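Here is a friendly walk through one structure, with the cut-offs stated along the way. Have the sequence and the coordinates open as you read.

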Amino acid sequence: QKRIRVPHLQKMKETGEKWAMLTAYDMYAAEIFDEAGIPCLLVGDSAGNNVYGFETTVPVTVDHLVPLCRAVTSAAKHAMVVADLPFGSYQASPQQALATATRFMKEGMAHAVKLEGGMAMVPEVELLVRAGIPVMGHIGFTPQSEHVLGGYRVQGRGAGADRLLEDAIALQEAGCFAVVMEMVPAPAAKRVTEALRIPTVGIGAGPDCDAQVLVWQDMAGLRGGRAPRFVKKYLDMRTDLGNAARAYAGEVASGAFPAAEHSFEE
Ligand code: KIV
Ligand code: NA
């Protein structure tokens, strides 16, 4: 199988085949998800709170993400790799967006970029697409604006549903190949999905989106504390990895590790 590209994702919208997207920030995650047949990997700015230890995505820079993106693309043979444009790296002008996206395509070896915002981002999206860069939109709750939105809150309730649809259509008309909808009521997401020609990718947006995306450390149960409502844990990696570390340390303390089979003879 060759590299997944925009037309493959578009085809799945038309045939009604739903697909899954995961974040990836390093080689092994990319390799494993690629082998599992995940068609699209996101080098998210969620690296801020899943790799770099920040509280939000706001402090994430292009320099933080470009090397991760390069690692993911190098390891993923089939998946389409989408790079998130970090806060402050594209909102100043279409020219700034193009310069940043170009770095991700060249140095990061990304296949597409993602940016947050609806109608306001139309000029940026148009220039990137004209330059040959596939763009994924991101509307609803947009973490880079969380200080304006007042924290992690559901967007697109009530009259917000019309605004969500207008944003989604504006992004589609500007040339986006897909749109992420984050934390919006399921009926609003369904309405957008039915209205758009391009795929919608939901996270906390109900079952009717064309695709779903999750942060892999959430899905694998690596993260501590309470996960958001939209997360499903398919693994309890935090417990398993902690137990493995304790077992290893215990065997080092007792002398059980390393055994003869781990040691070299004269
Ligand atoms: O950064 C990220 O992981 C994202 C997804 C949750 C859509 O933007
Ligand atoms: Na993001």
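## The largest pocket

In this predicted model, 22 residues line the largest pocket, and G140, T142, L149, R163 and D167 are those nearest its centre. Two elements, β5 (135-140) and α8 (160-174), each give two or more residues to that lining. Helix α8 provides the largest share, with four residues. Helices (H or I, at least four residues) and strands (E, at least two) are DSSP runs, numbered from the N terminus.

The space in the largest pocket comes to about 460 Å³. Sorted by class, its lining has eight nonpolar, 11 polar and three charged residues. Here Ala, Val, Leu, Ile, Met, Phe, Trp, Tyr, Cys and Pro count as nonpolar, Asp, Glu, Lys and Arg as charged, and the others, Gly among them, as polar.

A pocket is found on a 1 Å grid over the protein atoms alone, as an open set of points where a 1.4 Å probe fits, with protein on both sides within 12 Å along at least five of seven lines; lining residues have an atom within 4 Å of a point. Grid points are joined across faces, edges and corners, and the volume is the space filled by probe spheres set on the points.

## The second largest pocket

The second largest pocket holds about 400 Å³ of space. Its lining counts 25 residues, with S46, Y152, E182, I203 and V215 closest to the centre. At least two lining residues come from each of β1 (19-23), α3, β6 (178-182) and β8 (211-214). The classes here are 11 nonpolar, seven polar and seven charged.

## The sodium site

Which residues are the protein donors of the sodium ion (ligand 2)? They are D45 and D84, each through OD, lying 2.3 Å from the ion. D45 sits in the loop between β2 (40-43) and α3 (47-50), while D84 belongs to strand β3 (residues 80-84), so the pair links distant parts of the chain, 39 residues apart. Donors are N, O and S atoms within 2.8 Å of the metal (3.2 Å for Na, K and Ca); water is not among the atoms, so sites may look incomplete.

Both D45 and D84 are buried. Buried means under 20% relative accessible area, exposed over 50%, and partly exposed in between (1.4 Å probe, protein chains only).

## Salt bridges

The structure holds 10 salt bridges, each being a side-chain nitrogen of Lys or Arg within 4 Å of a carboxyl oxygen of Asp or Glu. One of them joins R191 and D162, with the closest N and O atoms 2.8 Å apart. R191 lies in helix α9 (residues 186-195) and D162 in helix α8, 29 residues apart. R191 is partly exposed at 36% relative accessible area, and D162 is likewise partly exposed at 39%.

R197 and E173 form another salt bridge (3.0 Å, N to O). R197 is in the loop between α9 and β7 (200-203) and E173 in helix α8, so this pair ties together parts 24 residues apart in sequence. Both R197 and E173 are exposed. A network of salt bridges also links D63, R103 and E107.

## Domains and conventions

The domain assignment, automatic or from a database, gives domain 1 (6-235) and domain 2 (237-266). Their C-alpha centres lie 39 Å apart.

Residues are numbered from 1 along each chain as its sequence is written, with chains lettered from A and ligands numbered from 1 in the order in which they are written. Local features need pLDDT of at least 70 and side-chain atom pairs count only at pLDDT 80 or more, while totals for chains, interfaces and linings use all residues; side-chain values use heavy atoms, leaving out hydrogens and water.
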